[in-house]
Amino acid sequence: MARTRARPTLRLLLALVAAVIPGPGGTQVSIQLSEAILPRGASLRVNCSSSCSEGLDLGLETQWSKVELEHGHNWKLFELSDIEEDSNLMCFGNCGTVQSSASATIILYSFPERVELDPLPAWQQVGKILTLRCLVDGGAPRSQLSVVFFQGEEELHQEKVGVNSTNPQEITTTVLASRDNHGANFSCRTELDLRPQGLEVFLNVSEARQLRTFDLPGTSPKLNSPDLLEVGTQQKVSCYLEGLFPASEAQLHLELGGHILTSKSTNRGDLVSATALVDVPAELEGTQQLRCVLELADQTRQAEKTLNIYSFSAPVLTLSPPEVSEGNHVMVKCEAHGGAQEVWLSGAPPGGPPSPQVNFTLNASADDDQRRFFCSAALKVAGQKLLKNQTQELRVLYGPRLDERDCPRNWTWPEGSQQTLKCKARGNPSPKLTCSRKANNAPLPPGVVVTVTREMSGIYVCQATSSRGNVTREVSLTVKISDPPINWVILVITLLIVLFVGLAIYLYNRQRKIRRYELQRAQEEAMKLKAQAPPP
């Protein structure tokens, strides 16, 4: 029987571990693995071998530069260098007329050259969608490369990089901006997972970028200020807005007539406010705009209010002279100043058209002393009527007055009571008032509390004296004599004696009744005994 000749076997070795791949006609060609994973630009040694013992021709087909390092009668060792992309290798052998081959795949890996998160907007409005963009340049194999987005340490989204994607590639995800995102750091990270090839997961992290969010209401700031400002006065104006975030980042300022006011800003919670004290200058007289401007992020909110700035001086009130003797004339005059068109003067004769000046002459009397005159001026500004007043007091010099209203003529005081002689003289200058009894000049000082005795009854002469003369007035004081007072001690002793005598009489009568009752009973007992005795 003829012997069948065994077909030769070719072996392709990559590195150290071998895998057997069947060749045509039963010949076996061996290879380490079906694929090899290498870093880009690496070198690789390939050993091709065969079981053929004679007439063997071995070779290696590859696109890369190769060098035959060593060989034996049935093997050859090649070194490939500068491998830059995925490729296939084929080891072939001719053993006589029999041809065999074995192939393997080289897969290269590389880390991304750039992993960068696109710059975030300077400010992101709350409630709006924010798109995060991660740019990945390089990295292989793409099928095992993915991108993960982070907010701080929290994972937001993970996505595989497309196998057929362009290089560089942009991976995106979205975030709904909220107040909680303010100040948060965002980043992206690539993960090259080579664990299936016996390696590890390689990470590349982008630089973190901080997000600032803001929220603004749809309303304008609220302005608080008077509608009218007077030149030369200091007025408070303020502005506020609530419902914004972050209030600490908001800028709020006030402007008047194009001039920025020095203001103090405060914030509390979601409210921001600004307050300014305005020293109203004359150059701003007229109609001016008060503006409140709020700036937050790239947004601006403002409010405007029209103010009317006016000058208004108080009227001038003149008393000529301001001090006059009784019976002389005084000129009273009220004049408008600073734009006022109308004045009113108390005491002036009624009637007459409105005028910027009013005056009249007064014949001064004692009743006019300390009389206050009022001068009022009116100015119309923006439909409003404004008033300013001026007052002065007239002093009239006159002699002492002491009449019934100042010092009543008749007084009646109960004896033993506390009383005050209420007499007061009038006059300018103020007179000195003394009162004494007409009969013996005994003094009774006015306004002083005294204890009334019956000896105080009588006629008193009161005299008021000043540098402008004197006046006297007689007053009658009657002391009402009280009934003699009851001696309460005697009354109490009398009552006690009556009670004692009454008690003694009661006890005496009671003892008499008891004795009479006992005597009567004794007599009755004796009569019973006598009746019961036997006859002799």
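Which residues do ring pairs link into a cluster? I looked this up and found Tyr 109, Phe 111 and Phe 202.

**Entry 1: ground rules.** I am working with a predicted model, where local features need pLDDT of at least 70, side-chain atom pairs count only at pLDDT 80 or more, and totals for chains, interfaces and linings use all residues. Residues are numbered from 1 along each chain as its sequence is written, and side-chain values use heavy atoms, with hydrogens and water left out.

**Entry 2: the whole chain.** I noted 1 helix and 42 strands; these are DSSP runs numbered from the N terminus, with at least four residues of H or I for a helix and at least two of E for a strand. The radius of gyration is 63 Å, well over the 24 Å that the globule rule gives for 536 residues, so the chain is more spread out than a compact globule. That radius is taken over C-alpha atoms, and the rule is 2.2 Å times the number of residues to the power 0.38. Along its principal axes the C-alpha trace spans about 190 × 140 × 35 Å. I also noted that 36% of the 536 residues count as buried (under 20% relative accessible area; exposed is over 50%, partly exposed in between, with a 1.4 Å probe and protein chains only).

**Entry 3: aromatic pairs.** My search of the whole structure gave 6 aromatic pairs. Rings of Phe, Tyr and Trp (its six-membered ring) pair if their centres lie within 6.5 Å; planes under 30 degrees apart count as stacked, over 60 as edge-to-face and the rest as tilted. The ring centres of Phe 111 and Phe 202 are 4.8 Å apart and the planes stand at 45°, so this pair is tilted. Phe 111 lies in strand β10 (residues 98-117) and Phe 202 in strand β17 (residues 201-205), so the pair ties together parts 91 residues apart in sequence. Phe 111 is partly exposed, at 38% relative accessible area.

I then checked Phe 360 and Phe 373: their centres are 6.3 Å apart and their planes at 50°, so this pair is tilted. Phe 360 is in strand β33 and Phe 373 in strand β34, 13 residues apart. Both Phe 360 and Phe 373 are buried.

Entry 4: I traced an open sheet of 4 strands with mixed pairing, in the order β36-β42-β41-β39. Strands pair if DSSP finds at least two bridges between them. β36 (410-414) and β39 (432-437) are at the edges with a single partner strand each, so one side of each has no neighbour in the sheet. β39 pairs with β41 (residues 458-466) in the antiparallel sense over 6 bridges. Ser 436 stands opposite Val 461 in β41.
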